[in-house]
Amino acid sequence: RAGPDDAEAVSALLRRVFPDYPTPTDPATVRRQIARGDNVYRLMLDADGRLAAAASAEIDHRRRSAELTDCATSPEHRGAGLMAWLLRQLERDVVRDFGITDLYTIARADEVGMNCVFSKLGWIYTGRLVNNCRMPGGWESMNLWCRPDAGALRGDAAR
């Protein structure tokens with residue numbers, strides 16, 4: 001799991017993978033999110049100790065829900081299953097440590113790889129939000145995925 005000291009590396013990876021992003025990804029914002037417990041980040045380092053992939057769970061503590069987001073894998077590490085591993089760890093982290101009962105994500109419809117990861121992890125596709133997200137390149141459609149049995153992960157985390 002990432003700590004506030006990892007904010008610079010997380011921010012750099014997000015900027016590298018996504019030249020334009022719909023929410024702030026500067027180091028100060030990432031550091032604040034981690035320190036306040038608004039976001040839990042999981043990281044994967046390569047053999048040289050460099051950040052290869054990252055993902056976060058943006059937590060709504062009052063509603064006991066979390067959005068899995070900020071999923072980024074450096075181009076040279078794609079296809080190795082890193083994101084699936086990170087997302088599975090995040091699922092368990094937020095259920096076990098924060099009592100989260102509802103998990104969801106909003107994935108870019110055109111990002112086939114990310115949509116495949118959520119499908120392979122057993123998430124349920126619940127629909128498409130057509131042209132609802134304004135990105136610098138124009139409007140994009142987003143797919144909504146939900147984890148139907150987040151509470152069951154509590155048992156997995158104990159194993």
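R64 is partly exposed, at a relative accessible area of 40%. Keep in mind that this is a predicted model.

**Positive phi**

- Most residues other than glycine have a negative phi.
- R64 isn't a glycine, yet its phi is positive, at about 55°.
- You'll find R64 in the loop between β2 (51–60) and β3 (65–73).
- D70 also isn't a glycine, and its phi is positive too, near 55°.
- This one sits in a strand: D70 is part of β3.
- D70 counts as buried, because its relative accessibility of 7% falls under the 20% cut-off.

**Aromatic pairs**

- The model has three aromatic pairs.
- One of them joins F18 and Y21, with ring centres 5.1 Å apart and 40° between the planes, so it goes down as tilted.
- Within that pair, F18 is buried at 14% relative accessible area, whereas Y21 is partly exposed at 22%.
- Another is the pair of Y125 and W145, which is edge-to-face: 5.5 Å centre to centre, with the planes at 65°.
- Y125 is partly exposed at 41% relative accessibility, while W145 is buried with a relative accessible area of 7%.

Technical notes:
Residues are numbered from 1 along each chain as its sequence is written. This is a predicted model: local features need pLDDT of at least 70, side-chain atom pairs count only at pLDDT 80 or more; totals for chains, interfaces and linings use all residues. Side-chain values use heavy atoms; hydrogens and water are left out. Helices (H or I, at least four residues) and strands (E, at least two) are DSSP runs, numbered from the N terminus. Buried means under 20% relative accessible area, exposed over 50%, partly exposed in between (1.4 Å probe, protein chains only). Rings of Phe, Tyr and Trp (its six-membered ring) pair if their centres lie within 6.5 Å; planes under 30 degrees apart count as stacked, over 60 as edge-to-face and the rest as tilted.
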